[in-house]
Structure formats: C-alpha cells, structure tokens
Amino acid sequence: MMAVKRSALEHRSSCAFRPSLLVFLIGSSHLFLFVSGQTVINPTVLISFQQSDYAVNEADGDLKVTLIATNLATLEFKGSINVTIRTSPPLSPEQRPATLFDTIGGDYTLTGDLSNDSTTIISFTEGVTTVDHTLIIVGDNVYEGNEVFILEIVDIKVPDSVMADVIIGIQDKAEVIIIDDDILAVKFQTAAVTVKEGSFVDLMGETSESPFVVPFDIGVICFPIRASGIKSALIQEDYTHKSDLFLFFDRVGLPPPVVSSTQARVRAIADGCVEGPESFLCALQLSIAEDDQLQSVDPDTVTVTIMDSDSLK
C-alpha cells in the first residue's frame, strides 16, 4: 500500500508557525529579541472508499463508487490530489471473477471509454471531500452467475501546496458484485431415444450457453405414456432408475468450464416376456425455488422406447 507520507521536519505541510508576541529584554549592553510563536498542526487527511461493498445488476449499465477524504474540507491548496485505483480478482476462490472488457468481451471497465486499463485516477481538489466515479458494467446476454471483482486504493500523489499528510485510510478496498440477470435455457439433447431390454440409455441434457453450466442439478421425472399406439412401459416392471433422477451439470477445467451437458441413466429390464415395444416419457422438473433465471425449452421431454428382445419359442 503506497501513499505520500512526509514528516514535519521535511516540509511545512503538517505544521505552520504563527508569530503571536514580541518580547523585548534590555540588558546592560545588549538588546535581546525573543519571538513567542504558536505551532498550528493540520490533521492527517485519510482517503477511503465510502463503503466496503457494492452490488449492481448487469442490466444497469454502470455503477457509481464514492471516495471520501476525511479532514480535507478546510485545507487550502492548489492543484489536485490524485488517487490511483486498481482492480483485482475476488479474494475468495469460490467467487467467479469478473473480467475487464476487451475486444473479445468482458464484464466491466474502470473508465467510460470501454478500455481494459486495470487502473484509473480519481482526483480531489480544494474544498472537495467526496468524489463519485462511474464504472461501466457490460451486459453480455450470457448466463454466468454472479461475478465479483475488487477495487483498491494503491497510491496517492499530493501537490507541494498541500500542508498536511495525506494517506490511504483503513477502508482501502471495495468488493463489487455484478448480479447476473440473463436467462439460462436447459433442454434434452434429443426428443426420442431407444434402448434394448437388459441395456441402459443415458438421457443427455444441455444448456443454451456453453461453456457455462447450471450451478445445481436439474430433476428428471419419468412416467408412462402411449406413443403412436405403443404400449406404455411401467417403472420397476419394464424399466428402472435411481429413486432421484437428475441431470448433473459439472464444471470441467476452471475457469472456464468446458462441459455443458451430462446425463441421467435409465435401465430397461429384461423380463423374458414377448410384449413388443414399450415406451415411457421423461421430463425436466424445474423448481422455481432453485433459480428464477432457469428456463426449460424444447425438447424438455424425451420419449424412451424399449425394444423387446424376447421371442416366441
């Protein structure tokens, strides 16, 4: 953490001398002059973020952050106190990092010109104790989940006319959370599959925004259905699966994840009976409580047809 810090012996910024009384003493052969003075001490100026965390919706387009300068209101000086702000990834590895905007995309920029500079300068002039700075938030129409980055005060440049120590305050960092408002569509990869008796089939799901993935599991429910005159298959009689059937969307290679599809497995039972083909339907089962950004799209059901492998003897 860098800041301009100068001692009272090096400059006149933190102390000023004001003559208040002249005392004349007459001796036998000499005249003595004493100057009684008063030392004026200017309080240290602390520059900090006004708050330690900010949250902004991706669709808002921008975010205003505020810096405050304590004890600067009555200080007289010329020029500007220039404060350097730097951006960095989130402190927790569990948080998804937001990225600076560049030619291939990104989530935010520290300035209004869509540059990818990782630092910017915020200036205080005489009489100013708070400064607002606007960051640009880039809406990408891609489901990513919430993303985080850190703002940090890393340096202060002070003109010689400032008669006080100016240092970085305790609240030198601010966490910014970009709240994702994009929709993620989830579906099956195909609307119909076949499986032989005694074998199994994996129901594959996928998301609309590869390589980004669903942060939780999607339920799948199966039930009998008659398709084009085919006999309905019954659970535990014609097919089976785990009691709780889910699509698991796992991250591979972080960051970013590169897999956006996974599987739920159902097994056709070899019953030794000649029945002809049988079918059942599996559907995505979304819970509103899981995520209001998640939607199922066509095909959100898959018809599974069991091909009979038995024959009359």
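How exposed is Asn-71, in terms of relative accessible area? The legends below take up this residue and other sites in a predicted model.

**View 1. The loop at Asn-71.** Asn-71 is partly exposed, with a relative accessible area of 38%. The residue lies in the loop between strand S5 (62–70) and strand S6 (81–88). Its phi is positive, about 70 degrees, although Asn-71 is not a glycine. Most residues other than glycine have a negative phi.

**View 2. The loop at Gln-236.** Gln-236 sits in the loop between strand S17 (231–232) and strand S18 (239–240). Although Gln-236 is not a glycine, it has a positive phi of about 70 degrees. The relative accessible area of Gln-236 is 57%, and the residue counts as exposed because the cut-off for that class is over 50%.

**View 3. An open sheet with mixed pairing.** The sheet is formed by 5 strands, in the order S7-S9-S5-S3-S11. At its edges stand strand S7 (108–109) and strand S11 (166–168). Each of these has a single partner strand, so one side of each is left without a neighbour in the sheet.

**View 4. The pairing of strand S3 with strand S11.** Strand S3 (residues 45–49) and S11 run parallel and are joined by 3 bridges. Ile-47 stands opposite Ile-168 in S11.

Methods. Residues numbered from 1 in each chain as written. Predicted model: local features only at pLDDT ≥ 70, side-chain atom pairs only at ≥ 80, totals over all residues. Heavy atoms only, no water. Helix = DSSP H or I, 4+ residues; strand = E, 2+ residues; numbered from the N terminus. Buried < 20%, exposed > 50% of the residue type's maximum accessible area, 1.4 Å probe, protein only. Pairing = 2+ DSSP bridges.
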